[in-house]
Amino acid sequence: MDWAIECRELTKTFQDYTAVDKVNLQIPQGIVYGLLGPNGAGKTTLIRLLMGIFRPTSGTGAILGRSITDETGAVRQSVGYVADVQDYYPQMTAEELLDFCRGLYPSWDRDKERWLLKQFHVPMGKWIRAFSKGMKTMLALTIALSIRPQVLILDEPTSGLDPVIKRMFWQLVLEETAAEGMTVFLSTHHLRELERFADKVGVLFDGRLLQEQSIEQLKASSRKLQVVFPAGFPEPLRRLPEVLSVEARGRVYTIVVATRWEQVYQQVQAYEPLFVETLDMELEEIFLYWMSKEGYGDAWRHVG
Ligand SMILES: Nc1ncnc2c1ncn2[C@@H]1O[C@H](COP(=O)(O)OP(=O)(O)OP(=O)(O)O)[C@@H](O)[C@H]1O
């Protein structure tokens, strides 16, 4: 079976700036994969490479076994795409745009289109330039799903959607994933959403894929340990590769462990602590710690 999305050493350089740096990805079919990363990390650039909008400087990529550089037409026929900015023909109405799209895609499903339009209340006769951001996203999603895609690529799809539509959006996407075996690849800053809906996450930082883990794995392997040691903090613990950070509040040390927390726990026990407690971490917290480890802001200090 082909990977839904596969990249090997995929790289994009703008003049002397490398926005996507030797990214390797192998995403199986039928999962929801969330791409995280701070502003400017290269998420949109990676998505544009996959969609054949940008040409890679080096490396290769394929969607369902089709090359993103040599078979761009075939890729676009089978991939639903919702871009970060919907710059559709502003002088068209939704009706005119959909009419145009029906002719472009042989796999277009008219019943699905009608059903989606009804769900989203897309105003058919209105100029697209008069659409709100959320309306444009809904129209884009209608188009993306009406082609009955095997892979759906979404660039920050839910920013600008109200909570009701956001919930409807996810319900729809997850139903399609379950019923049609569709694969979803999305970039987002909404970590709570990913935590609920994604199977796997990848973290892009400075164009590089830093981390890749299933949500389940991530939650099972990361913990915060709150410890009181009989003497001061044992410095060797701070240097363990699993330890993301150590904070002190009085005699209580909080050790943030990104992976294999049990191993750190065992090492902590060796110092015969007076007290030790383990706390679960949310994806948002884990992400902020990862970023702080990379020297990106000190946002994690503000986590409540
Ligand atoms: N066409 C371009 N020409 C030059 N530089 C570009 C171009 N497109 C993107 N970049 C640069 O590549 C880097 C990655 O940008 P990109 O839009 O991919 O980030 P992102 O992770 O999607 O960010 P955000 O979360 O803010 O949307 C940025 O430094 C950006 O300025």
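Student: What makes up the open sheet, and in which order do its strands run?

Tutor: The order is β6-β7-β8-β3-β9-β10, six strands with mixed pairing. β6 (79–82) and β10 (208–214) stand at the edges with a single partner strand each, so one side of each has no neighbour in the sheet. On average, neighbouring strands are turned by 15° against each other, direction ignored. This is a predicted model: local features need pLDDT of at least 70, side-chain atom pairs count only at pLDDT 80 or more, and totals for chains, interfaces and linings use all residues. Residues are numbered from 1 along each chain as its sequence is written.

Student: How do you know that β6 and β7 pair?

Tutor: Two strands pair if DSSP finds at least two bridges between them. Strands are DSSP runs of E, at least two residues long, and helices are runs of H or I, at least four, both numbered from the N terminus. β6 and β7 (residues 151–155) are joined by 4 bridges, so they pair by that rule. The two run parallel. Y81 has its bridge partner, I153, in β7.

Student: Which helix lies across β6 and β7, and at what angle to β6?

Tutor: Helix α5 (residues 133–146), at about 175° to β6. Axes are lines fitted to C-alpha atoms, for helices over the stretch in contact, and angles run from 0 to 180 degrees between N-to-C directions. Contact means C-beta atoms, placed from the backbone, within 7 Å.

Student: What makes β1 a partner of β4 and of β2?

Tutor: Bridge counts. β1 (residues 5–14) and β4 (residues 58–63) share 5 bridges, antiparallel. β1 and β2 share 7, also antiparallel. E6 is bridged on both counts: A62 is its partner in β4, and Q26 stands opposite it in β2. T13 is partnered by T18 in β2.

Student: Which residue in the hairpin of β1 and β2 takes a positive phi?

Tutor: Q15, with phi near 45°. The hairpin has 2 residues between the strands.

Student: How do you know which residues are around the ligand?

Tutor: A residue counts if its C-beta atom, placed from the backbone, lies within 6 Å of the molecule. That gives F14, Y17, A19, G37, N39, G40, A41, G42, K43, T44 and T45. β2 (17–27) and α1 (43–50) each supply at least two of the shell residues. α1 gives the most, with 3.

Conventions: Two residues are in contact if their C-beta atoms, placed from the backbone, lie within 7 Å.
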